Amino acid sequence: MTLQQLHYIITISETGSLNKAADALFVTQPSLTSAIKELEKEIGITIFNRTGKGVTLTNDGMEFMLYARQVYSQYDLLLEKYGKHANLKKKFGVSTQHYSFAVKAFVEMVRAFDTSKYEFAIRESKTCEVINDVSTFRSEIGILYLSDFNRKIIMKLLKSSNLEFHKLIDCKAYVYLWKGHPLAKEKTIRFSQLNEYPSLCFEQGDNSSFYFAEEILSTNEYPRTIKASDRATMLNLMIGLNGYTLCSGIICEELNGTDFVAVAFEADELNPNSVMEIGYIVKKNSMLSKMGTLYIEELKRYLAAYSERENSNTIRN
């Protein structure tokens, strides 16, 4: 088994096509096919199902791919730190729940590097995919939150994937809506005031548990619910339908614009507030790349500035 063979199967898995993989790898398709057959013969499993529509991973192949990504990712990190090939593009990826501040920190991090020499990726994704991306080394860092409700389940998943969670900030719930919403000028909003408006949430997949919901207070009963798969669609639904979502209140106006506001959620006996503990996940005992280290620094810088503004507003009020 060689690193080249691992690189081949990872590329095939990502492209879903032997032709596309061969083009990306600058090898002929017969050479690629031969290399994969040799690997499958060596390890005694079939990695790919081959059909007229392309290739897909077998069950054995999916398990093998988990380990292959880990090994090849570590090889990439070694090249980044000790390699002498200046023309080799270094890769860095972040997977995150839908937080504009995570994108803002990513933007600031990328500005510090020559993008012609690096391959950057940021993936706003479902909670399970964030965990899986970091577990399989597809992304170096993941951003998600814990609460009293989901902590036990999420931490169990992290432990089984050999991941560790690092806290960044604690936040209480805010109601996020557009500035033309009838409740936008309220100082606080109670749950009962929201009954006639649709609650917006990010889709987590058909088989997902509500433990993976990105929205705080996900156990509450919402009379009207609409799911969205991306932030842009959710913002459009806020304007078009007077929808709202419950979030951390950490909003980057530079990216989301100034047409939206975050109003403090007012708890009651039936709907108590809850703390969102937002943090980042990485592989245990892993060594962060230069990009990863700077990204965490940018996250902490942005969140520290947010906390300072919030404290100042609290004192004035």
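Predicted model: local features only at pLDDT ≥ 70, side-chain atom pairs only at ≥ 80, totals over all residues.

Before anything else, a note on elements: helices (H or I, at least four residues) and strands (E, at least two) are DSSP runs, numbered from the N terminus. Just after H6, I found Phe-137 with a positive phi of about 70°.

Residues are numbered from 1 along each chain as its sequence is written, and side-chain values use heavy atoms, with hydrogens and water left out.

Next I checked H6 itself (residues 127-135) for buried positions, meaning under 20% relative accessible area with a 1.4 Å probe, protein chains only (exposed is over 50%, partly exposed in between). They are Thr-127, Val-130, Ile-131, Asp-133, Val-134 and Ser-135.

Then I looked at Ser-100, which sits in helix H5 (residues 100-110). Ser-100 is buried, at a relative accessible area of 4%. Beyond four places in sequence, Ser-100 is in contact (heavy atoms within 4.5 Å) with Arg-231, Ile-250, Ile-251, Cys-252, Leu-255 and Asn-256.

Last came the nonpolar cores: sets of buried Ala, Val, Leu, Ile, Met, Phe, Trp, Tyr and Cys residues joined through side-chain atoms within 4.5 Å. The largest has 60 residues, and Met-109, Ile-143, Ile-278 and Tyr-295 touch the most other members. Helix H10 (residues 290-316) supplies its largest share, eight residues. I also noted another core of 20 residues lying apart from it, including Ile-9 and Ile-36.
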